Amino acid sequence: MPEVSLTVNGRAARSGVEGRTMLSELLRERLGLTGTHVGCETTQCGACVVHVNGVAVKSCTMLALQCEGASVTTIEGLAGRGAPLHPMQAAFREHHALQCGYCTSGMVMMALDIARRFPEPDEATIREQLKGNICRCTGYHNIVKAIAAGARTMTAADRS
Amino acid sequence: MRDFEYHRPGSLDEAGRLAAEDGAMLLAGGQTLLRDMKQGHPSPARLVDITGLVPREIELRGDTISIGAGATHAEVAGAEVVRRHLPVLADLVGHIGDPAVRNRGTLGGAIAANEPAGDYPAACLALDATVRTTGRTIAATEFFRGDRRTVLEAGEIVTAAMFPIVTRAAYIKFLNPAARYAMVGVFAALGADGSPRVAVTAARADGAFRWQEAEAALTGEFDAGRLRDVRLPLDGLSEDLFADGPYRAHLAEVLAGRAVSLAAAAPAVVVLSHGSPASTDRQHH
């Protein structure tokens, strides 16, 4: 069986995988990182978004073997156990940006990608950028507010 | 998904040899191929990953922008040289899929996949692009060959596409309100040589095409009024739950007029959803 070596949330990881094993499956079933969710498996819903080498990707549509040598960050990598939440996670909590929570880890990882590219995104930008992340509970309103607030907090922290 | 052998060759030559064998396919960003493989079609026995082997440089060469086939959609949409000299292309690419898809999907993968609702094929046709492969250089009009087909032979790899710079061009796509892919997209451009080009995507099951009747009507005067009596033949138009053939034809006719009007003003991309602009762009970069 082929092997893949990569860094996940700052720690080296190595696993035997099949050719067809997706990154989402490697994370959830081999590495036990079940914070990354799998919704549609057709590259539409965004529940599986993680960062690979610093950018958001849909982990259900990337082969584990394509991650050889890559640095992957999942929702578990944003705040250590017992440590304060990441500012974007805190903004999601503050603004009640989730109901069932199924889409939330993908939403937060995409939110961070948005904040990376748009230091102070307006509402239209956030809604456009969330095209590939589906939420069936909230109607998006509070998610949009949370991302705007989280991005502001992150930008302010960067400048101070 | 059926399992397959995964190969990461060290050179394009080796990739070409591996991909030429029976049952093998090339893998670029995988945003079309992996998704389709999950549905069981196609079902290759071997995937040859060319990520990292294909050029990804984006540069101005005279009056042409050359884009390496390995450039991701995010890289093309954000490239200063494209945004400055061919902003309509940067904006079109910046609206492919979604941001995560744009971080993986590549120019070469998108045109080799030639999806019927693809944005890049329309851009290649309307901008009169040239495609370079490991074996030849070929005009976009010759490259695309119907539903998910191109002239690419087994083991032949797209390495770049060259887009001539035009100043009057616009692309409008009308999104399916639920799935948010294009139901019809129209790209209108006036070539540097004065010839009008109109490419339509998502309307026909066999993919993007140049709308010759519209181009003929616009020859001599690139004005939306010239399209008033031009009708898109219903033959071969896609029909699905969301739109029948006559509706798609009407969309193409309306969008073509709007694209020509927009192009006359300034290069632009408009994405319509539910009939109202979802984005008229430029503030998103």
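What follows is a friendly conversation about a predicted model with chains A and B.

Colleague: Let's begin with chain B. Why does its radius of gyration agree with that of a compact globule?

Modeller: With 285 residues, a compact globule would have a radius of gyration near 19 Å, and chain B has 18 Å, so the two agree. Along the principal axes, its C-alpha atoms fill a box of roughly 55 × 45 × 35 Å.

Colleague: How many helices and strands does chain B have, and what part of its residues counts as buried?

Modeller: Chain B has 11 helices and 14 strands. Of its 285 residues, 52% count as buried. Among contacts in chain B with a separation of 6 or more, 61% are between residues 24 or more positions apart.

Colleague: How do you know which strands pair with strand 8 of chain B?

Modeller: Two strands pair if there are at least two bridges between them. Strand 5 (residues 64-68) of chain B is joined to strand 8 by 5 bridges, and the two run antiparallel. Strand 6 (residues 130-133) of chain B is joined to strand 8 by 4 bridges, again antiparallel. Both numbers meet the cut-off of at least two, so both count as pairs.

Colleague: Which residues of strand 8 are the bridge partners of Ser66(B) and Arg132(B)?

Modeller: Ser66(B) has Met162(B) as its bridge partner, and Arg132(B) has Ala160(B).

Colleague: What makes strand 4 and strand 5 of chain B a pair?

Modeller: Strand 4 (residues 58-61) and strand 5 run antiparallel with 4 bridges between them, and a pair needs at least two. Glu59(B) has Ser66(B) as its bridge partner in strand 5. The hairpin of strands 4 and 5 has 2 residues between the strands, and in it Gly62(B) takes a positive phi near 65°.

Colleague: How do you know that the buried residues of helix 1 of chain B are on the same side?

Modeller: Helix 1 covers residues 12-19, and its buried residues are Ala15(B), Gly16(B), Leu18(B) and Ala19(B). They cover an arc of only 165° around the axis, which puts them on the same side of the helix. Those residues pack against strand 1 (5-7), strand 2 (24-27) and strand 3 (46-49) of chain B.

Colleague: Turning to chain A, which residues are buried in its helix 1?

Modeller: In helix 1 (residues 23-30) of chain A, the buried residues are Leu23(A), Ser24(A), Glu25(A), Leu26(A) and Leu27(A). Strand 2 (11-16) of chain A is included in what covers them. Just after this helix, Gly32(A) takes a positive phi of about 70°.

Colleague: Why is Gly77(A) called partly exposed?

Modeller: Gly77(A) has 19 other C-beta atoms within 10 Å. Buried needs 20 or more and exposed needs 12 or fewer, so with 19 Gly77(A) is partly exposed. Gly77(A) lies in the loop between strand 5 (71-73) and helix 2 (87-94) of chain A. Leaving aside neighbours within four places in sequence, Gly77(A) is in contact with Asn9(A) and Gly10(A).

Colleague: How many residues from each chain does the contact between chain A and chain B take?

Modeller: This contact takes 25 residues from chain A and 24 residues from chain B. On the chain A side, strand 4, helix 3 (104-117) and helix 4 (123-129) each supply at least two residues. Strand 4 of chain A gives the largest share, 4 residues. By class, the chain A side has 9 nonpolar, 9 polar and 7 charged residues.

Technical notes
Residues are numbered from 1 along each chain as its sequence is written. Chains are lettered from A and ligands numbered from 1 in the order in which they are written. This is a predicted model: local features need pLDDT of at least 70, side-chain atom pairs count only at pLDDT 80 or more; totals for chains, interfaces and linings use all residues. The radius of gyration is taken over C-alpha atoms; the globule rule is 2.2 Å times the number of residues to the power 0.38. Two residues are in contact if their C-beta atoms, placed from the backbone, lie within 7 Å. Ala, Val, Leu, Ile, Met, Phe, Trp, Tyr, Cys and Pro count as nonpolar, Asp, Glu, Lys and Arg as charged, and the others, Gly among them, as polar. The arc is that of the directions from the helix axis to the C-beta atoms.
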